[in-house]
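Please work through the following exercises with the sequence and the model at hand. Each task is followed by a solution in steps.

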Amino acid sequence: MSTFKLSDYDCIGFDLDHTLLWYNVTNMVEMEYQVLTKYLVTKKNYNPDFLQKPLTPKDIDFMQKGLVLDFDRGNILKPDSKGVIQHVNHGSTSLSLAQINSIYPNQRWESLDAFINNPLDVWEGPHSKKMRALMDYYDMPASLAFARAVDDIDSRNGGEVEKYEAWNDVTEALTNMYERGQFKKNLGEYFVNLKSNPDKYLRKCSQEIVSWLKELKKTRVTFLVTGSNLDFADFTATHTIGEDWRSLFDVIVCFAKKPGFFTGSRPFLALEGYEEAQEVKGDELIRGGIYSQGNWKELKSLFGKITGKSEPKCLYLGDNLIQDVFVPAGHAGLDTVVVSEEMHAEGMDHITLPHPDAETMLSNYWGSYFSVKINNDNNGVKNFEKSYWSFLIENYSKLCIPSIKLIARNPLDKIYDSFDKNDLTRHGYYPAKPNVPAISRQLSLLREPKQQSLNEQRQRTFKMKKMLDKQAEDNELREQIQNRDLAVPSTSK
Ligand SMILES: [Mg+2]
């Protein structure tokens with residue numbers, strides 16, 4: 001029987017965004033979509049009638065973390081854990097099983113097979129020119145932007161074209177938004193929007209987590225490895241955690257360029273203010289240091305010196321299943337814990353508590369993040385296969401939690417059941433497994449789209465959603481959610 005306890009680790013590291021920091025995903029995703037499509041229309045001459053159509057609840061529902069894009073064909077795919085392509089959209093049009101098989105014989109695709117075999121190969125290799133899995137809430141809006149761009153191209157050409165170039169344009173737009181220099185230069189709109197109204201996009205970090213990190217640092221080496229440049233990390237962490245956020249970690253690595261950080265040998269760079277300065281050799285790294293770029297091998301060597309152990313036991317907690325989980329666990333020897341807000345949003349066995357961004361995170365159209373409905377002609381019988389994301393969680397992490405708050409509430413030596421490749425009857429979802437029956441109900445909507453009355457449609461208008469968001473941000477309700485959410489019920493182990 002596999003178990004896990006935090007007290008077994010000498011060094012405990014964290015990702016920042018969507019791990020320690022909570023975003024208002026609803027506001028963020030909508031803003032990202034607007035910025036992304038404005039670029040496509042103004043710089044790449046896409047038709048605003050397609051790209052800038054007002055976002056309806058149906059459009060929000062279409063966007064989902066974890067979808068796979070086939071650039072050349074203009075398709076959006078939802079594969080299962082074995083790489084079988086179960087659902088496909090060409091642009092915004094859903095394809096039948098027969099159509100899927102005519103494009104992808106036996107519902108398989110070479111590039112996707114390469115990804116399933118080793119996601120790292122597709123991160124940088126030739127297949128990265130063919131496909132991309134949308135791994136987080138920064139690129140999730142690209143699914144809808146890509147679909148609409150493909151619709152626009154088809155409309156202009158009077159039908160499908162041989163090869164779609166839309167992804168190159170979307171990539172250019174994403175780079176314009178997220179390229180690190182844009183923060184300092186106040187360009188690209190994304191950072192400008194965040195700076196001008198942080199409370200709209202960021203949620204305050206729970207004091208419970210901050211206090212836990214302080215306590216943890218007294219007995220363990222704690223570290224932060226984030227992809228954000230120091231100026232942006234300082235802005236978000238100061239706003240959400242507090243002015244002294246740096247004091248919570250023994251070592252901070254910014255602009256780490258994960259997942260390459262865990263496998264490569266890029267040198268560490270010193271920071272002068274927010275600017276990268278001279279190279280820092282591995283043996284010059286110090287406890288209390290803040291660096292840019294770098295690599296895991298030299299960081300681990302520093303941890304060896306601090307702990308006096310040749311092989312310190314290291315744990316990393318993060319939300320991105322490739323950067324924070326598959327690569328560190330599969331290629332660098334760390335143990336990992338997944339932080340998955342989707343567990344909270346979709347619901348778990350015996351636990352259904354509202355997530356303020358559930359409407360944005362859930363997708364009735366594509367179904368659960370954790371499972372995929374098998375696409376066959378077996379009318380009425382619903383069979384499900386795990387999603388590839390569940391596979392990564394269950395094979396490359398010890399534990400999967402909806403929030404760090406859940407483990408911060410427990411003593412460090414609490415024993416959790418953990419994932420075990422050799423014993424699938426056990427699992428490391430804590431406090432409980434994702435709720436498959438709830439997912440089934442959602443997926444039934446995929447088969448027979450619910451006919452909404454005009455009144456229901458009106459109730460789900462954007463205005464209403466904005467109002468609900470505002471309500472969720474209300475201090476009193478936030479307090480209530482923070483105190484009550486995801487308390488371990490008596491029925492759960
Ligand atoms: Mg993250």
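Predicted model: local features only at pLDDT ≥ 70, side-chain atom pairs only at ≥ 80, totals over all residues.

Residues are numbered from 1 along each chain as its sequence is written.

**Exercise 1. State the secondary structure content of the protein and the percentage of its residues that count as buried.**

Step 1. The protein has 24 helices and 20 strands; these are DSSP runs numbered from the N terminus, with helices being H or I of at least four residues and strands E of at least two.

Step 2. Of its 493 residues, 46% count as buried. A residue is buried if 20 or more other C-beta atoms, placed from the backbone, lie within 10 Å of its own, exposed if 12 or fewer, and partly exposed in between.

**Exercise 2. Describe how helix H1 packs on helix H8.**

Step 1. H1 spans residues 25–44 and H8 spans residues 166–178; their axes lie 9 Å apart at an angle of about 120°. Axes are lines fitted to C-alpha atoms, for helices over the stretch in contact, and angles run from 0 to 180 degrees between N-to-C directions.

Step 2. H1 and H8 are therefore oblique to each other, since angles under 35 degrees count as roughly parallel, over 145 as roughly antiparallel, 65 to 115 as roughly perpendicular and the rest as oblique.

Step 3. From H1, Val35, Leu36, Tyr39, Leu40 and Lys44 meet Asp169, Ala173, Leu174, Asn176 and Met177 of H8. Contact requires C-beta atoms, placed from the backbone, within 7 Å.

Step 4. By class, the contact of H1 with H8 comprises 7 nonpolar, 1 polar and 2 charged residues. Here Ala, Val, Leu, Ile, Met, Phe, Trp, Tyr, Cys and Pro count as nonpolar, Asp, Glu, Lys and Arg as charged, and the others, Gly among them, as polar.

**Exercise 3. Repeat the analysis for helix H7 and H8.**

Step 1. The axes of H7 (residues 142–157) and H8 come within 10 Å and cross at roughly 140°, which makes H7 oblique to H8.

Step 2. H7 contributes Ala142, Ala145, Phe146, Ala149, Val150 and Ile153, and H8 contributes Ala166, Trp167, Asp169, Val170 and Leu174.

Step 3. By class, the contact of H7 with H8 has 10 nonpolar, no polar and 1 charged residues.

**Exercise 4. Which residues touch the most other members of the largest nonpolar core?**

Step 1. The core is a set of buried Ala, Val, Leu, Ile, Met, Phe, Trp, Tyr and Cys residues joined through C-beta atoms within 7 Å.

Step 2. Among its 134 residues, Leu36, Ala145, Phe146, Ala149, Val170 and Val253 touch the most other members. The largest share of this core, 8 residues, comes from H1.

Step 3. Beyond neighbours within four places in sequence, Ala145 is in contact with Tyr33, Leu36, Thr37, Leu40, Leu51 and Val170.

**Exercise 5. Is Phe255 buried or exposed?**

Step 1. Phe255 lies in the loop between S11 and H14, and its phi is near 45°, a positive value in a residue other than glycine.

Step 2. Phe255 counts as buried because 22 C-beta neighbours lie inside 10 Å.

**Exercise 6. Locate the residue Pro259 and describe its peptide bond with Lys258.**

Step 1. Pro259 is in the loop between strand S11 (251–254) and helix H14 (260–263).

Step 2. The bond joining Lys258 and Pro259 is cis, with omega about 5°.

Conventions:
Contact = placed C-beta atoms within 7 Å.
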